[in-house]
Amino acid sequence: MSDLDGFDVKILNELQDNSRQTSEVIADKVGLSPAATQRRIKKLREDGTIKKEVAILCPKSLGGRTTLIVQVAFSCGGEATIETFKQQMLQVPEVQQCYYVTGQTDFILIMTVKDMKDFDRITREYLFTNPSIGRFETIVAIDTFKEGFKIPLDGV
């Protein structure tokens with residue numbers, strides 16, 4: 001992060017708001033030429049500062065989905081157990097985010113499912129069958145009023 005200057009921060013903020021903006025539009029907003037803006041964006045992609053650019057879909061437009069927050073705690077573990085679980089979660093498309101955390105819980109999963117029957121299938125396949133999992137607790141989201149991945153960059 002220390003290599004970022006004010007222009008990089010402005011560019012990143014613009015891209016976080018709308019990554020489909022042209023370099024001309026971004027250049028006008030940040031005070032650079034389009035060519036300089038393109039070079040900076042290319043560098044930010046190449047050095048991994050920009051990790052990924054995706055389309056965020058509206059669940060309601062797709063028939064609705066249920067968002068679940070699942071807390072998973074292991075009764076026994078070790079490095080191999082944790083790595084195996086991480087690899088398993090990478091293979092579950094319904095798991096949107098997976099965090100390895102500290103505290104009484106070992107992992108937090110953010111999931112989206114078609115319905116509770118879909119969730120039941122996933123729990124049977126990945127959670128109930130894992131002998132290392134001591135318990136898991138599920139929180140069902142009633143409504144979403146804020147979502148995103150924007151990282152505040154003011155004052156970087």
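A: Of the contacts in the chain with a separation of 6 or more, 62% are between residues 24 or more positions apart. The model is a predicted one. Its secondary structure consists of five helices and four strands, and along the sequence these follow the pattern α-α-α-β-α-β-β-α-β. The radius of gyration is 20 Å, well over the 15 Å that the globule rule gives for 156 residues, so the chain is more spread out than a compact globule. Along the principal axes, the C-alpha atoms fill a box of roughly 55 × 40 × 25 Å. Of the 156 residues, 31% are buried.

Now the core itself. The largest nonpolar core has 18 residues. Val70, Val72, Phe85, Met89, Leu109 and Met111 are those with the most contacts inside this core. At least two of its residues come from each of strand 1 (66-74), helix 4 (79-90), strand 3 (107-113) and helix 5 (116-127). In soluble globular proteins, nonpolar side chains tend to be buried together.

Leaving aside residues up to four places away in sequence, Phe85 touches Val72, Phe74, Phe107, Leu109, Leu127, Asn130 and Ile133.

The aromatic rings come next. The count of aromatic pairs comes to five. Phe74 and Phe85 form an edge-to-face pair, with 5.3 Å from centre to centre and 90 degrees between the planes. This pair links distant parts of the chain, since Phe74 is in strand 1 and Phe85 is in helix 4, 11 residues apart. Both Phe74 and Phe85 are buried. Together with Tyr100 and Phe107, Phe74 and Phe85 form one aromatic cluster.

Apart from it lies another core of 11 residues, among them Leu4, Ile11, Val30 and Leu153.

Val30 of that other core is also in helix 2 (residues 23-30), where the buried residues are Ser23, Ile26, Ala27 and Val30. These four cover an arc of only 100 degrees around the axis, which puts them on the same side of helix 2. The cover over the buried residues of helix 2 includes helix 1 (6-17) and helix 3 (34-46). After helix 2 comes Gly31, with a positive phi near 85 degrees.

The accessible surface comes to about 10,800 Å², and 53% of it belongs to carbon and sulfur atoms.

Conventions:
Residues are numbered from 1 along each chain as its sequence is written. This is a predicted model: local features need pLDDT of at least 70, side-chain atom pairs count only at pLDDT 80 or more; totals for chains, interfaces and linings use all residues. Side-chain values use heavy atoms; hydrogens and water are left out. A nonpolar core is a set of buried Ala, Val, Leu, Ile, Met, Phe, Trp, Tyr and Cys residues joined through side-chain atoms within 4.5 Å. Buried means under 20% relative accessible area, exposed over 50%, partly exposed in between (1.4 Å probe, protein chains only). Contact means heavy atoms within 4.5 Å. Rings of Phe, Tyr and Trp (its six-membered ring) pair if their centres lie within 6.5 Å; planes under 30 degrees apart count as stacked, over 60 as edge-to-face and the rest as tilted. The arc is that of the directions from the helix axis to the C-beta atoms. The radius of gyration is taken over C-alpha atoms; the globule rule is 2.2 Å times the number of residues to the power 0.38. Accessible areas come from the Shrake-Rupley method with a 1.4 Å probe; for residues, only the protein chains shown count as cover.
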